[in-house]
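Here is a short briefing on a protein structure. Look over the sequence and the model, then read the points below.

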Amino acid sequence: MKNKWLLAALLAGNSWFGGWATDVDPVIMRVNNKDIHKSEFEYIYNKNSQQQIDHKSLDEYVTLFKNYKLKVAEAEAMGIDTTSAFKNELAGYREELAKPYLTDASVDDRLAHEAYDRMKEDVEVSHILIGLNARTPEDRAEAKKKAESVLAEIKAGEDFGMLAEKFSEDGSRQNKGYLGFIRGGRTVYPFEKAAFALQAGEVSDIVETQFGYHIIKVHSRRPNPGEFLFSHIMILVPRGVSDEVKAQKESEIRAIYEELKSGADFATMAKERSEDKASAVRGGELPWVSSGQFVKEFEDAAFALKNKGDITEPVLSPYGWHIIKLMDRRDIKPFEQMRSEITRMMARDERGSMARNAMVAKLKNDYGFSLEESQRAMLMKLAGDLGKVDSSYIAAIHNDQSVLFSFENHSYTVADFASFLSKGRDVTVNAPDYVSTMIGYMADMEILDFEKAHLEDKYPDFRNLMNEYRDGMLLFEISNREVWEKASKDTEGLQKFFKKNRKKYKWDKPHYKGFLIQCFDAATADDIKNRIKELDDDSVIVVLNREFNTDSLTRVKVERGLFVEGDNEKIDELVFKGAPVKADEKLPIAFVSGKLLKKMPEAYTDVRGQVTADYQTYLEKVWVKKLNKKYPVEIYEDVLKTVNRP
């Protein structure tokens, strides 16, 4: 393994590690007796410098970083990092952040580009499928033997379509095995891989998929024509109807075609005459499609249309008669625009595990993985002798301390495998194969878990990212307690801060503070004016709506706010002597109840957002000053001078 001796020293807690860390990644700062290394400082400094428009000098950033670490120290002192909620949230972040490190990204990238390249080409295929329902090894062996026999007949010159009709075990046998055009992502990966490796006229060897054994024939290949938007008018022809009915249906579609040729509107005709009700309501419009999504008869006619607005003559498919109109077309999207779609597609088939498997293979090589074949053979034989893998099988091996596999000075025994099996299910079919599969699965899981547990040791970027997430979570929680939430709830503190700094909030324009009230009539307005005198400001809207309005009749509308000229036309008229505004027909009587504040607010609630933000800044400064006195800080200037700057 690359640097295997180094990792072993780390895991063993070798005292030599301390000297290595000091030389390679020296301590740049100590906060509350906790070492902070140069690599972490550089990581955050450079990352923030790239994201900020207003770049700070190194000295300015050192102060910010020191204060940041002081807040983290306070959070740790309060035990925030020891709560189950914090640990669970951080573990969830780590699980997501670890994923890219546990797969071979180069494999994913290669497969994604391969899939995209295959989306740019259509391959016309037929196949013969044998063994669709094969389950046991004996069944699958028999199915494969049958497939090999059919392949031999094909190689001897027998007609592929005839053999598909006779032997294939899926629905395509009705069409002599014909599947039409496929492209990347349309079939399971082994089928796709084999089909795209063939040239026109070639037949594959036996191809095994989850469905059984395929023999694939490629008829032709063509560039992907893109995506199309079609409309159609359809006359259904049910199976088994008489020739007389068939003739009647054909007569109907041809009559429609003649009307279209004479200038009838296609969408209108589709709505009125098409028997495909789902598309008829949209004027016959179908979803955007690409090749391989229609039956051959429909597709051949539809994809032969060249220009927008062109229509086909009546086309007969297994479902009935169609007249098809080309509405629009577009080319395949660029790779980057399709990458997320391709990634989702890959996750649904064998490709989803190929990058992971490649990483497992690499780790096994790096960590010196060794499987004891004799123990695996013994476990498989026992499963065969018992005929099943269940509690009795587990009981027979749960005390066996023989080594089953090992890597990186870690050994896993047969007893460990028994514990692993106890979390699974009873198996009575193909028990030996199941045991072999589960041994492989356990080995893969253990080596990935080992790698995941040591990502911080192996990858400085991951270690720094995890530190950033951890400290960021602590910073958020402690800042919320000491500054943000505290400021928003401390009404007494906000009021005192406002009074002390009131001149800071002086206005350039007068503000009207109060209510705009629009009434049903003058009598209602008089009643409301008298009622308002008895109410505090916070209850005005609720009380007036309750006492003067009903579900069926609105007699008053009340707006409360802090208004400057230009905010509300009616306020402008009544308070700021603006132009008269047309009265509301239903609520024509309007008046105001409040006061004009000419130079500055009278209470912090008039400028709550600004005062709260300023109060938070004030609390932050007081808090940071307190933390600097509370916790010791050492900054190593000689190390600071060596920091790589962006």
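**Two loop residues**

Lys-176 sits in the loop between helix 8 (160-167) and strand 4 (178-182). Helices (H or I, at least four residues) and strands (E, at least two) are DSSP runs, numbered from the N terminus. This is a predicted model: local features need pLDDT of at least 70, side-chain atom pairs count only at pLDDT 80 or more, and totals for chains, interfaces and linings use all residues. Residues are numbered from 1 along each chain as its sequence is written, and side-chain values use heavy atoms, with hydrogens and water left out.

- Phi of Lys-176 is near 60°, a positive value in a residue other than glycine.
- Lys-176 is partly exposed, with a relative accessible area of 44%. Buried means under 20% relative accessible area, exposed means over 50%, and partly exposed is in between (1.4 Å probe, protein chains only).
- Asn-32 lies in the loop between strand 1 and strand 2.
- Asn-32 has a phi near 55°, a positive value in a residue other than glycine.
- The relative accessible area of Asn-32 is 30%, so Asn-32 is partly exposed.

**The sheet 2-1-16**

- Three strands form an open sheet in the order 2-1-16, with antiparallel pairing. Two strands pair if DSSP finds at least two bridges between them.
- Strand 2 (34-37) and strand 16 (633-635) are the edge strands, and each pairs on one side only.
- On average, neighbouring strands of this sheet are turned by 20° against each other, direction ignored. Axes are lines fitted to C-alpha atoms, for helices over the stretch in contact, and angles run from 0 to 180 degrees between N-to-C directions.
- Strand 1 (residues 27-31) and strand 16 run antiparallel and are joined by three bridges.
- Arg-30 has Glu-634 in strand 16 as its bridge partner.
- Helix 3 (residues 38-51) packs on the sheet and touches strand 1 and strand 2. The direction of helix 3 makes about 55° with that of strand 2. Contact means heavy atoms within 4.5 Å.
- Tyr-45 belongs to helix 3. Tyr-45 is buried, with a relative accessible area of 4%.
- Tyr-45 and Asn-430 are 385 residues apart along the chain, and their C-alpha atoms are separated by 58 Å.

**The sheet 14-13-15**

- Another open sheet has three strands in the order 14-13-15, and the pairing is antiparallel.
- Its edge strands are strand 14 (556-563) and strand 15 (589-597), each pairing on one side only.
- Neighbouring strands here are turned by 10° against each other on average, direction ignored.
- Eight bridges link strand 13 (residues 511-519) to strand 14, and the two run antiparallel.
- Ile-517 stands opposite Val-558 in strand 14.
- Helix 23 (residues 522-532) lies across strand 13, strand 14 and strand 15, at about 30° to strand 15.
- Helix 24 (residues 540-548) lies across strand 13 and strand 14, at about 170° to strand 14.

**A helix pair**

- The axes of helix 15 (residues 351-366) and helix 19 (residues 431-453) come within 10 Å and cross at roughly 75°.
- Helix 15 and helix 19 are therefore roughly perpendicular. Angles under 35 degrees count as roughly parallel, over 145 as roughly antiparallel, 65 to 115 as roughly perpendicular and the rest as oblique.
- Arg-356, Val-360, Leu-363 and Lys-364 in helix 15 meet residues of helix 19, among them Tyr-441, Asp-444 and Glu-451.
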